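Subject: Structure handover

Hello,

Here is the structure you asked for.

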Amino acid sequence: MKSILEYFNKPLLKVSMVFGLITGLLAFAFFLGLYAIGIVPLGNNKVMDMGIHVIMIAGVCWYYRKKIGNGYLHLWEALTLGYVVNTVAAFINGWLIYLFITYVDPSVFTNYLAEMGTLLEQGREDLVKNIGNAEYLKMFASIQAMEPSEIITDEISKKTVMAIIPILIISLIFRKQDYGVFHNKP
């Protein structure tokens, strides 16, 4: 047990997991805010919480460089920080949303499925033209058969794909090394 605790006692992992926890809670607060004002908090409306992820990833890179790296941050450290924050946040947010739609208000999920079905029905003509009727019917059936537990994997996979470019850009911006080609050495 002691070796497991020592493994998680590394500043790179510890700081990024704490920032990931905070980010997940903030993203869930955004979900609750959408719910409170009467907007369906799943689907396209929830995508805006990616801004919270980006701000917190920049924050963890800044914090790590200033407090732990003594003004330096390698690219691999910044990438690690960004991906750990993003993954932990998506995991926590996904589970909190799942618990909310399972135990607090299941109508959120049913409203989401109804909205997805309506959108699919509105674009039926174009979709059938592009992908064919059989694929359209398969897509429609998959939406109707969706389970609440799929919210967790959906959250993690979408956030992972959406965060690739922002994490890379933030890592390049905050990176500062004490060696390199462009360093002036006396």
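Contact here means heavy atoms within 4.5 Å. Helices (H or I, at least four residues) and strands (E, at least two) are DSSP runs, numbered from the N terminus. This is a predicted model, in which local features need pLDDT of at least 70 and side-chain atom pairs count only at pLDDT 80 or more, while totals for chains, interfaces and linings use all residues. Residues are numbered from 1 along each chain as its sequence is written, and side-chain values use heavy atoms, with hydrogens and water left out.

Helix packing

Two packed helices are described by the angle between their axes and the distance between the axes. Axes are lines fitted to C-alpha atoms, for helices over the stretch in contact, and angles run from 0 to 180 degrees between N-to-C directions. Angles under 35 degrees count as roughly parallel, over 145 as roughly antiparallel, 65 to 115 as roughly perpendicular and the rest as oblique. A crossing is left-handed if the near helix is turned anticlockwise from the far one by less than a right angle, and right-handed if clockwise. For residue classes, Ala, Val, Leu, Ile, Met, Phe, Trp, Tyr, Cys and Pro count as nonpolar, Asp, Glu, Lys and Arg as charged, and the others, Gly among them, as polar.

Helix 2 and helix 3 have axes 10 Å apart, at an angle of about 155°. The two are therefore roughly antiparallel, and their crossing is right-handed. From helix 2 the contact takes in Pro11, Leu12, Val15, Ser16, Phe19, Ile22, Thr23, Leu26, Ala27 and Phe30, which meet Ile52, His53, Met56, Gly59, Val60, Tyr63, Tyr64 and Ile68 of helix 3. By class, this contact of helix 2 with helix 3 has 14 nonpolar, four polar and no charged residues.

Helix 4 (residues 75-104) and helix 8 (residues 150-162) have axes that come within 8 Å and cross at roughly 150°. Helix 4 is therefore roughly antiparallel to helix 8, and this crossing is right-handed. Helix 4 contributes Asn86, Ala90, Phe91, Asn93, Gly94, Trp95, Ile97, Tyr98 and Ile101 to the contact, and helix 8 contributes Ile151, Ile152, Glu155, Ile156, Lys159 and Thr160. The contact of helix 4 with helix 8 divides into nine nonpolar, four polar and two charged residues.

Helix 5 (residues 107-122) and helix 7 (residues 133-144) cross at roughly 170°, with axes that come within 9 Å. That makes helix 5 roughly antiparallel to helix 7, and the crossing is left-handed. Leu113, Met116, Gly117, Leu120 and Glu121 of helix 5 meet Tyr136, Met139, Phe140, Ile143 and Gln144 of helix 7. In the contact of helix 5 with helix 7 there are seven nonpolar, two polar and one charged residues.

Aromatic pairs

Rings of Phe, Tyr and Trp (its six-membered ring) pair if their centres lie within 6.5 Å; planes under 30 degrees apart count as stacked, over 60 as edge-to-face and the rest as tilted. The count by this rule is nine aromatic pairs. One of them is Tyr35 with Phe100, whose ring centres are 4.9 Å apart and whose planes are at 80°, so the pair is edge-to-face. Tyr35 in helix 2 and Phe100 in helix 4 are 65 residues apart, so the pair links distant parts of the chain.

For accessibility, buried means under 20% relative accessible area, exposed over 50%, and partly exposed in between (1.4 Å probe, protein chains only). Tyr35 is partly exposed at 33%, whereas Phe100 is buried at 7%. Ring pairs also join Phe28, Phe31, Tyr35 and Phe100 into a cluster.

Single residues

Lys46 sits in the loop between helix 2 (11-36) and helix 3 (50-68). Is Lys46 buried or exposed? Lys46 is buried, with a relative accessible area of 8%. Not counting residues up to four places away in sequence, Lys46 touches Phe30, Phe31, Leu34, Pro41, Asn93, Ile97, Glu155 and Lys159.

Arg175 lies in the segment after helix 9 (164-174) and is partly exposed, at 39% relative accessible area. Leaving aside neighbours within four places in sequence, Arg175 is in contact with Arg65, Leu73 and Leu75.

Regards
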